[in-house]
Amino acid sequence: MMNEQRREFIKKTALGVLVGLGAASGLVPAFSLEKTVLPVWDEKPVPGKIRWGMLIDMRKCKEGCQQCATACHHAHNVPDFRNKKDEIKWLWQNSYQKVFPTASQQFVSKEIQDRSYLALCNHCADSPCTKACPTEATFKRWDGIVAMDYHRCIGCRFCMAACPYGSRSFNWQDPRTAIHEPVTTYPTREQGVVEKCNFCSDRLVKGQQPACTEACPEQVLTFGDLNDPRSDIRRLLETNETMQRKPELGTKPSVFYII
Amino acid sequence: MMSKKLIWIFAVTAIMLFAVLNVFRKGEAETPPPLSVHKSVAIDSTKCIAPASFMRANHMQVLYEWRNSSVRTGNRVYIASNGSKYEKSLNTCLGCHSNNRMFCFNCHSYANVKPKCWNCHLSPMETP
């Protein structure tokens with residue numbers, strides 16, 4: 001009698017331990033059940049999870065083609081004053097000496113030196129413009145984009161002085177007078193605010209690629225998440241020799257070039 | 001014997017629990033991170049977000065809150081008190097109210113307030 005009770009007790013204890021282990025193996029170390037819950041949508045994005053970046057393969061870019069810049073400026077109601085002094089630039093082209101003034105390569109070929117290069121806001125990971133802005137009108141977004149909140153811009157132009165890439169333009173005049181083909185899908189700016197490339201954050205929320213990336217006929221521009229090791233942009237960055245504009249300043253640009 | 005049956009049930013449950021949890025764990029490790037951040041949002045834009053009396057008195061606070069949370073924190077979905085969801089955008093308002101070209105303007109001119117919205121955003125007067 002005594003033995004039988006003992007036997008039962010040992011059996012039940014062993015099973016209890018087994019059940020406990022089974023549950024613990026799933027729950028305790030990896031919290032696997034919690035992680036399978038999928039959010040219905042991104043009501044509050046997770047800061048730092050994504051870092052958008054762009055790779056510009058200048059080997060494929062055709063000299064004289066302006067399709068990316070035209071598409072960008074059209075999609076965002078960027079004014080064209082037809083006057084260098086008032087020029088508003090989101091995506092533009094410039095010479096090798098202007099785009100890469102501190103490039104470490106010496107004796108580069110004449111073709112590389114003579115051709116023009118695409119330039120846009122670098123959406124730096126360590127952006128000097130956001131530090132200079134006194135009203136936090138320009139700020140680092142949760143997804144790595146250096147964004148402008150035009151509502152808050154007071155037009156002090158500290159950010160323009162801080163940006164080492166000349167990516168920011170000031171509206172000296174009312175931009176609405178110089179928008180030749182206005183679109184209704186994006187607001188304009190007003191006189192007295194600074195503006196710049198927004199990495200098409202307006203298109204990203206709709207799940208679209210940036211306007212320049214989509215418009216390019218030669219697939220020069222690759223847009224993607226730099227924090228995702230499986231993204232196209234990361235694969236290209238790992239398999240090619242790339243460069244950034246003025247990397248020695250430590251701004252950590254999110255725009256990379258193959259030249 | 002009752003206790004033997006009970007023991008079998010316990011054993012099977014333990015094994016199944018173990019198996020199921022391990023399947024979940026494997027699946028979690030293999031799912032690739034999403035390529036696109038955006039998930040489609042079913043936006044209800046057929047009804048007003050709040051009663052007209054509330055909107056008349058508080059639309060400026062609503063718009064101010066919408067502007068800050070959507071531009072600065074990326075929280076673009078507004079959940080109304082009845083649970084329906086709206087995109088935090090001026091276009092959500094104007095999507096319905098653009099049929100009245102004097103929407104905004106009538107009251108603002110009566111109250112002599114001059115908000116700066118239309119310096120940049122498309123006003124109901126300008127909507128096609």
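Modeller: A nonpolar core is a set of buried Ala, Val, Leu, Ile, Met, Phe, Trp, Tyr and Cys residues joined through C-beta atoms within 7 Å. This is a predicted model, in which local features need pLDDT of at least 70, side-chain atom pairs count only at pLDDT 80 or more, and totals for chains, interfaces and linings use all residues. Residues are numbered from 1 along each chain as its sequence is written, while chains are lettered from A and ligands numbered from 1 in the order in which they are written.

Biologist: Which residues touch the most other members of the largest nonpolar core?

Modeller: That core holds 50 residues, and A:Ile56, A:Cys72, A:Leu91 and A:Leu120 touch the most other members. Two or more residues each come from elements of chain A that include strand E1 (52-57), helix H3 (67-75), strand E2 (91-95) and strand E9 (255-258). Helices (H or I, at least four residues) and strands (E, at least two) are DSSP runs, numbered from the N terminus.

Biologist: Is A:Leu120 to be read as buried or exposed?

Modeller: A residue is buried if 20 or more other C-beta atoms lie within 10 Å of its own, exposed if 12 or fewer, and partly exposed in between, with C-beta atoms placed from the backbone. A:Leu120 has 23 C-beta neighbours inside 10 Å and therefore counts as buried. Its place is in strand E3 (residues 116-120) of chain A.

Biologist: Which residues does A:Leu120 touch, not counting those up to four places away in sequence?

Modeller: Two residues are in contact if their C-beta atoms, placed from the backbone, lie within 7 Å. On that basis A:Leu120 touches A:Trp90, A:Leu91, A:Ser167, A:Cys197 and A:Val255. A:Asn198, 78 residues from A:Leu120 in sequence, lies 9.6 Å away, C-alpha to C-alpha.

Biologist: Why is chain A described as more spread out than a compact globule?

Modeller: The radius of gyration is taken over C-alpha atoms, and the globule rule is 2.2 Å times the number of residues to the power 0.38. Chain A comes to 10 helices and nine strands. Its radius of gyration is 26 Å, well over the 18 Å that the rule gives for 259 residues, so chain A is more spread out than a compact globule. The C-alpha trace spans about 105 × 45 × 35 Å along its principal axes.

Biologist: How far apart do the domain centres of chain A lie?

Modeller: Domain bounds come from an automatic or database domain assignment, which gives domain 1 (2-35) and domain 2 (52-258) for chain A. Their C-alpha centres lie 59 Å apart.

Biologist: In what order do the elements of chain B run?

Modeller: From the N terminus on, they run α-α-β-β-α-α. Buried residues make up 7% of the 128 residues in chain B.
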